[in-house]
Amino acid sequence: MGGWAAVEQVVAGLGGRVEAMYFAFGADDLVMIVELPDSVSMAAAGLTVKAGGALQTRATPLLTLDEIDEAARRQVSFRAPGA
């Protein structure tokens, strides 16, 4: 099974889908955009891939504009230390 098919199988097995995969120059050789049902599914994928030792991964959750709008509307009770 090729690399692309293996990635799709892992993501699909967790109830998600691969939206895009790019090869890149720099600190990261590969950038993938995947949609998974929740953060626990992403953690499961990352733990499984890292356990093999051949790959290092980093996940960056992306938020939609609607999610950012919702976050901006939420009231957060916070007082800075010393204030």
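The protein chain of this predicted model contains 3 helices and 2 strands. Read along the sequence, these elements follow the order α-β-β-α-α. The chain is more spread out than a compact globule, because its radius of gyration of 17 Å is well over the 12 Å that the globule rule gives for 83 residues. Along the principal axes, the C-alpha trace spans about 55 × 25 × 25 Å.

Confidence was examined for the chain and for its elements. The mean pLDDT of the protein chain is 88, with 96% of the residues at 70 or more. Among the elements, the lowest mean pLDDT, 83, belongs to helix H1, which covers residues 3-13. The highest, 96, is found for helix H3, formed by residues 65-73.

Burial, contacts and surface were then computed for the whole chain. Of the 83 residues in the protein chain, 10% are buried. When contacts between residues at least 6 apart in sequence are considered, 16% of them join residues at least 24 apart. The accessible surface of the protein chain amounts to about 7,200 Å², and carbon and sulfur atoms account for 59% of this area. The chain carries 6 positive and 10 negative charges. The mean position of the positive charges and that of the negative charges lie 10 Å apart.

Two residues were considered individually. Ser41 is part of helix H2, which comprises residues 39-51. The relative accessible area of Ser41 is 11%, and Ser41 is therefore classed as buried, the cut-off being under 20%. With residues up to four places away in sequence left out of the count, Ser41 touches Leu14 and Leu36.

Leu63 is located in the loop between H2 and H3. With a relative accessible area of 57%, Leu63 falls over the 50% cut-off and is therefore classed as exposed. Leu63 and Met21 are 42 residues apart along the chain, and a distance of 18 Å separates their C-alpha atoms.

Methods
Residues are numbered from 1 along each chain as its sequence is written. This is a predicted model: local features need pLDDT of at least 70, side-chain atom pairs count only at pLDDT 80 or more; totals for chains, interfaces and linings use all residues. Side-chain values use heavy atoms; hydrogens and water are left out. Helices (H or I, at least four residues) and strands (E, at least two) are DSSP runs, numbered from the N terminus. The radius of gyration is taken over C-alpha atoms; the globule rule is 2.2 Å times the number of residues to the power 0.38. Buried means under 20% relative accessible area, exposed over 50%, partly exposed in between (1.4 Å probe, protein chains only). Contact means heavy atoms within 4.5 Å. Accessible areas come from the Shrake-Rupley method with a 1.4 Å probe; for residues, only the protein chains shown count as cover. Lys and Arg count as positive and Asp and Glu as negative; His and the chain ends are not counted. The place of a charge is taken as NZ of Lys, CZ of Arg, CG of Asp or CD of Glu. pLDDT is the predictor's confidence in each residue, from 0 to 100.
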